[in-house]
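Biologist: Can you take me through this one? I'd like the surface and then the strands.

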Amino acid sequence: MAVAALGPEILDELRAGCSPNAIPTVFDDLSLTIEREYPTPGGEVPSATAVWVGRLRRIGRDKLNAWGLSVLVDDAQLLISELVTNGFRYGTERQITFRLVIGADVLVLEVDDGSPSLPQVRDTGPDALHGRGLYLVDALAATWGVSADGTRTWCTLKFPEKRRGSR
C-alpha cells in the first residue's frame with residue numbers, strides 16, 4: 001500500500017512553533033480511499049456513498065478517543081462530515097481520500113476529491129438547504145485551506161494546552 005506524502009500546507013501546520021526545517025512530529029496518520037458513486041444531477045449524494053460520512057465520523061471518534069483527545073470529538077466529527085460531504089458532492093474523481101493526522105499539538109483533517117475548483121465560504125440565506133459547510137469549517141477549525149492544485153481541502157483543530165506534546 002502506498003502512503004501519500006503530507007502536503008506542504010499540512011507540514012506547515014505540524015511544524016507550527018518549531019524551526020522551519022524541523023521534522024514534524026506525527027503520532028498517527030490514517031488515510032482511507034473511498035470508491036464513490038457520483039451525485040445525482042440535483043447534487044444529492046447517493047445513499048451507498050453517503051453512509052461513508054457516518055463511518056468516517058466513527059473512525060475519527062475512535063481514533064481521537066484512543067489518543068485521549070475526546071475533547072475534540074464533537075468538532076472533529078462535524079468537520080469530517082462537512083469536508084467528506086463536500087468531497088462527495090463536488091469532487092471530480094471516482095475516489096476520494098480522507099486523511100486524519102495527529103501531530104504533537106494539532107489534529108489535521110484532509111479530503112482529496114480530485115477537483116481543481118477552489119471551495120469558497122458562501123453567504124447563504126436562512127432557507128438554503130446547502131452551502132453552509134465551509135462556513136462551519138471556517139467557524140470551528142483553527143485553520144483551514146486548500147492545496148495549491150485545489151484538489152485537497154484541509155483543516156486543523158488545536159489540542160487543549162494540557163494535552164499538547166503528551167500522550
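Predicted model: local features only at pLDDT ≥ 70, side-chain atom pairs only at ≥ 80, totals over all residues.

Biologist: Which residues make the nonpolar surface patch of about 260 Å²?

Modeller: Leu 78, Tyr 135 and Leu 136 make that patch. Tyr 135 sits in helix H4, residues 133–140.

Biologist: Is Tyr 135 buried or exposed?

Modeller: Tyr 135 has a relative accessible area of 51%, and exposed means over 50%, so Tyr 135 counts as exposed.

Biologist: Switching to the fold. What pattern does the chain follow along the sequence?

Modeller: The pattern reads α-β-α-α-β-β-α-β-β, from four helices and five strands.

Biologist: And what percentage of the residues is buried?

Modeller: Of the 167 residues in the chain, 43% are buried. In strand E2, residues 95–103, seven of the nine residues are buried.

Biologist: Which strand pairs with E2 over nine bridges?

Modeller: Strand E1, residues 26–35, does, in the antiparallel sense. Leu 32 stands opposite Phe 98 of E2 there.

Biologist: How many bridges join E2 to E3?

Modeller: Six, and the two strands run antiparallel. E3 covers residues 106–112. Leu 100 has Leu 109 in E3 as its bridge partner.

Biologist: How many residues lie between E2 and E3 in the hairpin?

Modeller: Two residues lie between them.

Biologist: Last one, on contacts between residues at least 6 apart in sequence: what share joins residues at least 24 apart?

Modeller: In this chain, 66% of those contacts do.

Technical notes
Residues numbered from 1 in each chain as written. Heavy atoms only, no water. Patch = residues over 30% accessible without salt bridge, like charges linked within 9 Å, V, L, I, M, F, W, Y side chains within 5 Å. Areas by Shrake-Rupley, 256 points an atom, 1.4 Å probe, with all protein chains shown as cover. Salt bridge = Lys/Arg side-chain N within 4 Å of Asp/Glu carboxyl O. Buried < 20%, exposed > 50% of the residue type's maximum accessible area, 1.4 Å probe, protein only. Contact = heavy atoms within 4.5 Å. Pairing = 2+ DSSP bridges.
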